[in-house]
Amino acid sequence: GSQFAVVAAREAGADAGFQSDDPDLAKADVVIGIGVGGMNTLDDSFHRIYGERGRGVHPLTIPKLMTNAPASQISMDLGLRGNTFAVASACASGSHAIGLAFRAILHGDCDIALAGGSEACITNGTLVGWSALRILSRDTCRPFASNRNGLVLGEGSAILVLEEWERAVARNARIYAELVGFGANADAGDLTSPDQSGAEAAMRRALASAGLAPGAIDYVNAHGTGTLMNDIVESRAIRAVFPADGLPLVSSIKGVLGHCLGAAGALEALATALTLYHQLVPPTANCTEPDEECGLDVVAEGARPARVRHALSNSFAFGGLNAVLAFSAWKPITSGPNPAM
């Protein structure tokens, strides 16, 4: 997870046009979401202890296990000395991390933050645990499809550079989108089952934070895990929040990337920002038979050029923890797709 995060952070900093010796960058905050921590280290240690009957473990086992390792490694690799910490809220971790960094900038605590998520969770032990939940797909992930049968795990990292608006404009930074709102809450209900009212409330909080009416949203990057229950509950929540005669386009990128747990919300936030930048909605891979019961305009096969002024990115996690980010196109969108924007 730390390796993924450091590489992604280096790429993000370079893409944002920062030099490694930039004194303002050195003051940046680092907020990284992670779901389960050092599972490769844990798996290896358990094998040594129980499988090899007491063989010693690596001397850095505990530092490698720490949930804050990716955030700390980014700060050390790039020399960032701002407020640096980890966020652990299962599948919503990446979105929570970005939302908290967004609030820090709004409150004047910092001008620049590196925020996102990272996960390296595909180990034998992890897969056995997920298999026991009986929600893994037998073949592939098909979000919002009538023949969906579960999720597929993924891993990786996405890091976003968040910067105070006037500062970014003044230095002529490449701006992909404007982060304008963050809504989060808890279902206070079931440990694993999604809750329609909680998802609705989180989306409404994000809209209120952004000062946007539901009708202004042109696209929702859905949590869209591909499980039977999640997709229908999320669909009902979307239909409840948005006007029936103006439902936004919806897609899930988990059909391509899998469910990256703590990194999922960050990867999806990045995809949402790029949607606004390119005015091109990503498709929902493998959804060849959209489920009519979901009742959504799912972008199913092939990316769809569309006018996207404002968008939401949804993350609904185990434990009933919900986080929704609201983004706006950073230039006025007055007509159809403008890929050259």
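Q: In which helix is isoleucine 49 found?
A: Helices (H or I, at least four residues) and strands (E, at least two) are DSSP runs, numbered from the N terminus, and isoleucine 49 is found in helix α2, residues 39-51. This is a predicted model, in which local features need pLDDT of at least 70 and side-chain atom pairs count only at pLDDT 80 or more, while totals for chains, interfaces and linings use all residues. Residues are numbered from 1 along each chain as its sequence is written, and side-chain values use heavy atoms, with hydrogens and water left out.

Q: Is isoleucine 49 buried, partly exposed or exposed?
A: Buried means under 20% relative accessible area, exposed means over 50%, and partly exposed lies in between (1.4 Å probe, protein chains only). Isoleucine 49 has a relative accessible area of 35%, so this residue is partly exposed.

Q: How many strands does the open sheet have, and in what order?
A: Two strands pair if DSSP finds at least two bridges between them. Here an open sheet of 6 strands runs in the order β5-β12-β11-β6-β7-β9, with mixed pairing. Its edge strands, each pairing on one side only, are β5 (178-186) and β9 (297-298).

Q: In which sense do β11 and β12 pair?
A: Strand β11 (residues 310-317) and strand β12 (residues 321-328) pair in the antiparallel sense over 8 bridges, and asparagine 314 has valine 324 in β12 as its bridge partner.

Q: Which residue forms a salt bridge with arginine 142?
A: A salt bridge is a side-chain nitrogen of Lys or Arg within 4 Å of a carboxyl oxygen of Asp or Glu. Arginine 142 forms one with aspartate 139, the closest N and O atoms being 3.1 Å apart. The place of arginine 142 is in the loop between α6 (124-133) and β4 (156-163), and arginine 142 counts as buried because its relative accessibility is 15%.

Q: Where do arginine 204 and glutamate 200 lie?
A: Both lie in helix α8, 4 residues apart, which is about one turn of the helix. Arginine 204 forms a salt bridge with glutamate 200, with the closest N and O atoms 3.7 Å apart. Arginine 204 is partly exposed, with a relative accessible area of 39%, whereas glutamate 200, at 15% relative accessibility, counts as buried.

Q: How many salt bridges does a search of the whole structure find?
A: Such a search finds 15 salt bridges. One of the pairs joins arginine 304 to aspartate 297, the closest N and O atoms being 3.4 Å apart. Salt bridges that share partners also join Asp24, Lys27, Glu163, Arg167 and Arg171 into one network.
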